[in-house]
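Have a look at the structure first.

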Amino acid sequence: MNVQWYPGHMTKAKRQMQEDIKLIDLIIELVDSRVPLASRNPDIDELGRNKARLILLNKSDLGDERQNEAWKAYFQAKGFYVVKVDSRSGAGMKAIQAAIQEACKEKTERDRRRGIKNRPIRAMVVGIPNVGKSTFINTFAGRACAKTGNKPGVTKGKQWIRLNKNVELLDTPGILWPKFEDEEVGMRLAYIGSIKDDILNLEELSLTLIDFLREKYAGALEKRYQIAEEGTAVQVLEAIARSRGCLKKGEELDYAKASLILFDDFRSGKIGRITLEWVPQEEK
Ligand code: G4P
């Protein structure tokens, strides 16, 4: 990841999250819609026990719409409230308000029974690095929202963003690490650019990406680079290098450059809306 995690960091992050979670009613968990499982932290379900849960399938503009829908249904079936969002453009933001009210209706009802009126729902945003937490908070909260400042006794040292009279958001997101001990997860995070490219072998990674794309999104590479998709993955990378004029001195093809182009295009959605992780068949 762009953040280096060490055991000390992980313990600290977890402890911080445990403290913050005590202050809130609702966890808004961001996942990357292209890799909804790989971009989740394994501990969040345990940490978030007894809290209302809302999952945001962020970067839904980059995920394949059919898969976005399948993932939405997948998480809903597990009891989460789910909204597809694009934090960059703001798409999906309106639906979140309703989902928050819905996810917290038990709390609201409990308050009502106890005669507590107008106690706002408190929420916090959590997710692994690079899923879009800051972008989301900025877009969702908008500039119009005033920070409410410290609330003596209750939320010492914490800044809350008042979204409206019903909802307050902790202004700093909870950051947790991904399941990077799982090689497959590491690879998926590398594909989407959440692991520093300089420690990766992009050329090797590009060959597996080519194979995946040919299998699941046939024609996408052909369309983007005006090349034939047949042959080995190396031949396809070679075709991309030719089509984009990636040459070293002496007319030798520059595979590293072609891989970079492929990844830049993929990560920015230029090859199309592509989801790397599909809902497990048995759980559909
Ligand atoms: P973090 O706080 O969780 O670490 O993530 P952050 O908001 O910094 O977002 C990481 C990158 O993801 C940023 O791109 C951001 O613009 C992008 N991003 C966030 N949400 C969305 C989304 O819904 N759709 C798309 N397409 N991109 C999203 P960046 O390239 O690192 O920065 P920038 O060039 O956009 O400033």
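Start inside, with the largest cavity: its lining consists of Met 17, Glu 29, Leu 30, Asn 41, Ile 44, Val 126, Gly 127, Ile 128 and Leu 176. A cavity here is a set of points, on a 1 Å grid over the protein atoms alone, where a 1.4 Å probe fits but cannot get out, and lining residues have an atom within 4 Å of a point. Its volume is about 40 Å³, taken as the space filled by probe spheres set on the points, which are joined across faces, edges and corners. Strands S1 (26–32) and S4 (121–127) each give at least two residues to that lining. By class, you get six nonpolar residues, two polar and one charged.

A word on provenance: this is a predicted model, so to speak of local features takes pLDDT of at least 70 and side-chain atom pairs need 80 or more, while totals for chains, interfaces and linings use all residues. Residues are numbered from 1 along each chain as its sequence is written, and side-chain values use heavy atoms, with hydrogens and water left out.

Now for the ligand. Of the 15 residues around it, Ser 87, Arg 88, Lys 133, Ser 134 and Thr 135 come nearest, where being near takes a heavy atom within 4 Å. Helix H6 (residues 133–141) gives the largest share of this shell, three residues. Which atoms pair up? Oxygen atoms of the ligand lie 2.6 Å from a side-chain N or O atom of Thr 135, 3.1 Å from one in the side chain of Asn 58, and 3.3 Å from a backbone N or O atom of Val 131. The protein covers 64% of the 710 Å² of accessible area that the ligand has on its own (Shrake-Rupley, 1.4 Å probe).

UniProt, in an unreviewed entry, puts a "binding site" feature at positions including Asn 58, Lys 59, Val 131, Thr 135 and Gly 174. The annotated positions span 117 residues of sequence and reach up to 23.5 Å between C-alpha atoms. Lys 59 sits in the loop between strand S2 (52–58) and helix H3 (65–77).

Finally, the largest pocket has a volume of about 340 Å³; a pocket is an open set with protein on both sides within 12 Å along at least five of seven lines. Of its 19 lining residues, Asp 25, Ala 52, Ala 103, Glu 106 and Lys 107 lie nearest the centre. Helix H5 supplies the largest share, four residues. The lining has six nonpolar, two polar and eleven charged residues.

How values were computed:
Polar contact = N/O pair within 3.5 Å; in protein donor to acceptor, adjacent residues only side chain to side chain. Nonpolar A, V, L, I, M, F, W, Y, C, P; charged D, E, K, R; others polar. UniProt positions renumbered as here; feature names shortened; annotations may be inferred.
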